[in-house]
Amino acid sequence: MKTYDYILFDLDGTVTDSKRGIITCIKYALRCKGIDFPEESVFDKMVGPPFRYSMKEFLGLDMPMIEQLIALYRGKYEVDGWCDCNIYDGMVDVLKTLKAAGKKLAIATSKPWKFTDIMIKGLDLMQYFDFVGGASCDASKETKADVINLVLDNLGVSDKSRVLMVGDRLFDIEGAHKVGLDCAAVLWGYGSEQEFKEYKAEYILQAPQDIVKLVLGK
């Protein structure tokens with residue numbers, strides 16, 4: 001069994017179920033610009049990836065409009081959108097157990113750091129993490145690989161074989177592999193087993209407690 005001393009967590013869909021608040025704010029932004037809503041399933045696909053990617057990929061919008069929508073979304077999300085979420089059952093126990101075992105824990109999310117910080121503090125989760133990493137608000141550092149590298153630098157990691165990325169979408173797997181990390185993909189979030197197999201996640205986990213079993217062997 002591999003030994004992982006550093007555990008990096010995605011946020012939305014891994015630590016927190018944030019879908020409802022995110023989709024509400026996307027709809028708010030579209031409504032402000034008079035843009036017709038796509039099918040509901042499209043909104044589900046937009047939870048997780050950077051919005052500059054998902055709004056272009058799934059809505060077919062040009063970048064000037066995308067930037068306007070992002071500004072509207074963020075204005076709404078900062079006020080009250082972030083509150084419409086909950087921590088997944090069992091996740092706090094997982095964080096406590098790993099922390100007590102001496103593991104270094106960090107957040108590595110494509111959500112902009114400003115809103116990540118608000119959420120982590122608002123949900124009283126800061127105590128468990130040695131570093132909280134998020135994307136830049138502009139497009140300069142928003143890929144998962146960018147954020148992972150930021151986190152590794154701040155944790156002072158020298159041996160990437162001892163780092164595990166935990167996430168719920170293909171972007172987590174791709175980002176981890178690009179940087180040279182193993183990835184545990186979780187089924188309680190917004191991805192699927194088919195997606196995880198296609199992108200070759202090293203592990204596929206059914207429930208939060210499986211993270212403890214994987215990392216601590218119990």
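Colleague: How many aromatic pairs are there by the ring rule?
Modeller: This is a predicted model: local features need pLDDT of at least 70, side-chain atom pairs count only at pLDDT 80 or more, and totals for chains, interfaces and linings use all residues. Residues are numbered from 1 along each chain as its sequence is written, and side-chain values use heavy atoms, with hydrogens and water left out. Rings of Phe, Tyr and Trp (its six-membered ring) pair if their centres lie within 6.5 Å; planes under 30 degrees apart are stacked, over 60 edge-to-face, and the rest tilted. By this rule the count is eight.

Colleague: Is the pair of Phe-9 and Phe-129 stacked, tilted or edge-to-face?
Modeller: The ring centres of Phe-9 and Phe-129 are 6.3 Å apart. Their planes stand at 75 degrees, so the pair is edge-to-face.

Colleague: How far apart in sequence are the parts that this pair ties together?
Modeller: Helices (H or I, at least four residues) and strands (E, at least two) are DSSP runs, numbered from the N terminus. Phe-9 lies in strand S1 (residues 6–9). Phe-129 lies in the loop between helix H6 (113–122) and strand S5 (131–135). The pair therefore ties together parts at a separation of 120 residues.

Colleague: Are Phe-9 and Phe-129 buried or exposed?
Modeller: Buried means under 20% relative accessible area, exposed over 50%, and partly exposed in between (1.4 Å probe, protein chains only). Phe-9 and Phe-129 are both buried.

Colleague: Which residue forms an aromatic pair with Tyr-77 at 5.8 Å centre to centre?
Modeller: The pair is edge-to-face, with 90 degrees between the planes. Tyr-77 sits in helix H4 (residues 63–79), and its partner is in helix H6, 38 residues apart. Both residues are buried. The partner is Phe-115.

Colleague: Which residue lies over the face of Phe-43?
Modeller: A charge sits over a ring if NZ of Lys or CZ of Arg is within 6 Å of the ring centre and within 35 degrees of the ring normal. Over Phe-43, the distance from the ring centre is 5.1 Å. The residue is Lys-27.

Colleague: Why is strand S6 largely enclosed by the rest of the structure?
Modeller: Strand S6 covers residues 163–167. On one side Val-163, Met-165 and Gly-167 are buried, and on the other Leu-164 and Val-166 are buried. S6 is largely enclosed because the buried residues number five of the five.

Colleague: Which residue of S6 is the bridge partner of Phe-9?
Modeller: Two strands pair if DSSP finds at least two bridges between them. S1 and S6 run parallel and are joined by four bridges. The partner of Phe-9 is Val-166.

Colleague: Which helix does the chain cross through from S6 to S7?
Modeller: S6 pairs in the parallel sense with strand S7 (residues 182–186) over four bridges. Met-165 stands opposite Cys-183 there. The link covers residues 170–179 and is helix H8.

Definitions and conventions. Right-handed = clockwise from strand over helix to strand, strands pointing away.
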